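Please look at the sequence and the model before reading on.

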Amino acid sequence: KEKEEEEKEKEYVECEEDAPADDRPKVDAGKFAASKVDSTLNVMTSCGGKLLLPLSDGGFSNLVAAVRATTGLKDGRYLFEVKVVESRYPAESSSKQRGVPRQIVALGFSTAASSLFIGEEAESIGFDTEGSVAINGKKDWLENRIKVETQLVLGIVLNLNAQSPNANTVSLFVNGERKGKPQPLPENLRGKVLFPTINFKNVTLHTNFTGLQPFA
């Protein structure tokens, strides 16, 4: 038990450093964007899919909105981010009930045919602002809750680079700082095309799918 405690206390050494300059052609602008069709009905997009707005009038304020990106990934290392540009407080929201968050943001990756809701089934993986990670259709609480407020930047790194110490993992970053250790990608997701996926409630998000100019 003492050895296990010592291992847990060991400080994680960051492996997700900035990538070196790459002269290969860049992905075309607009290739990665929030899909207008692969989303729930309460998602509205603007600015070419870079801005995500949920319907929040009346009972819609109790529903989580979900959207998948237009392009998936199968190799390499990839970061995408969202910035909270508006936090909504609907007057009629029933989320005042104890234990029900009024605002929530979740970032992850999912297969093309899976549920849009991260963690609803085994074909997705991701993190949310309640401090949980969803793997294999189950949620585990890893960290303290992340306060959802304007200018909050959340980023998630998918590392599929076989040469990396963090190969086949996902990592969460909050305002540019790592939040917890890398989480291993389950076997059922390895080798599959994975699409950036966003779940959100009562917030407006600015998305950054290219990572060329990070928010944080």
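Apart from neighbours within four places in sequence, phenylalanine 200 is in contact with Val43, Leu52, Leu53, Pro54, Leu63, Val64, Ala65, Val67, Ile104, Val105 and Leu205, where contact means heavy atoms within 4.5 Å. The model is predicted: local features need pLDDT of at least 70, side-chain atom pairs count only at pLDDT 80 or more, and totals for chains, interfaces and linings use all residues. Residues are numbered from 1 along each chain as its sequence is written, and side-chain values use heavy atoms, with hydrogens and water left out.

Phe200 also belongs to the largest nonpolar core, which has 36 residues; Phe109, Ile198, Phe200 and Leu205 touch the most other members. Such a core is a set of buried Ala, Val, Leu, Ile, Met, Phe, Trp, Tyr and Cys residues joined through side-chain atoms within 4.5 Å. Strands that each supply at least two residues of this core include β4 (65-69), β6 (104-110), β14 (195-201) and β15 (203-208). In soluble globular proteins, nonpolar side chains tend to be buried together.

The chain holds one helix and 15 strands; helices (H or I, at least four residues) and strands (E, at least two) are DSSP runs, numbered from the N terminus. Of its 216 residues, 46% are buried, and buried means under 20% relative accessible area, exposed over 50%, partly exposed in between (1.4 Å probe, protein chains only). Among contacts between residues at least 6 apart in sequence, 67% join residues at least 24 apart.

| Serine | Location | Relative accessibility | Backbone nitrogen reached | Distance |
|---|---|---|---|---|
| Ser35 | β1 (residues 34-39) | 6% | Val37 | 3.1 Å |
| Ser115 | loop between β6 and β7 | 14% | Phe117 | 3.0 Å |

Leaving aside neighbours within four places in sequence, Ser35 is in contact with Val67, Arg68, Ala69 and Thr70.

The lining of the second largest pocket divides into eight nonpolar, three polar and two charged residues. Here Ala, Val, Leu, Ile, Met, Phe, Trp, Tyr, Cys and Pro count as nonpolar, Asp, Glu, Lys and Arg as charged, and the others, Gly among them, as polar.

Terms used. A polar contact is a pair of N or O atoms within 3.5 Å; within protein, one must be able to donate a hydrogen and the other to accept it, and residues adjacent in sequence count only if both atoms are side-chain atoms.
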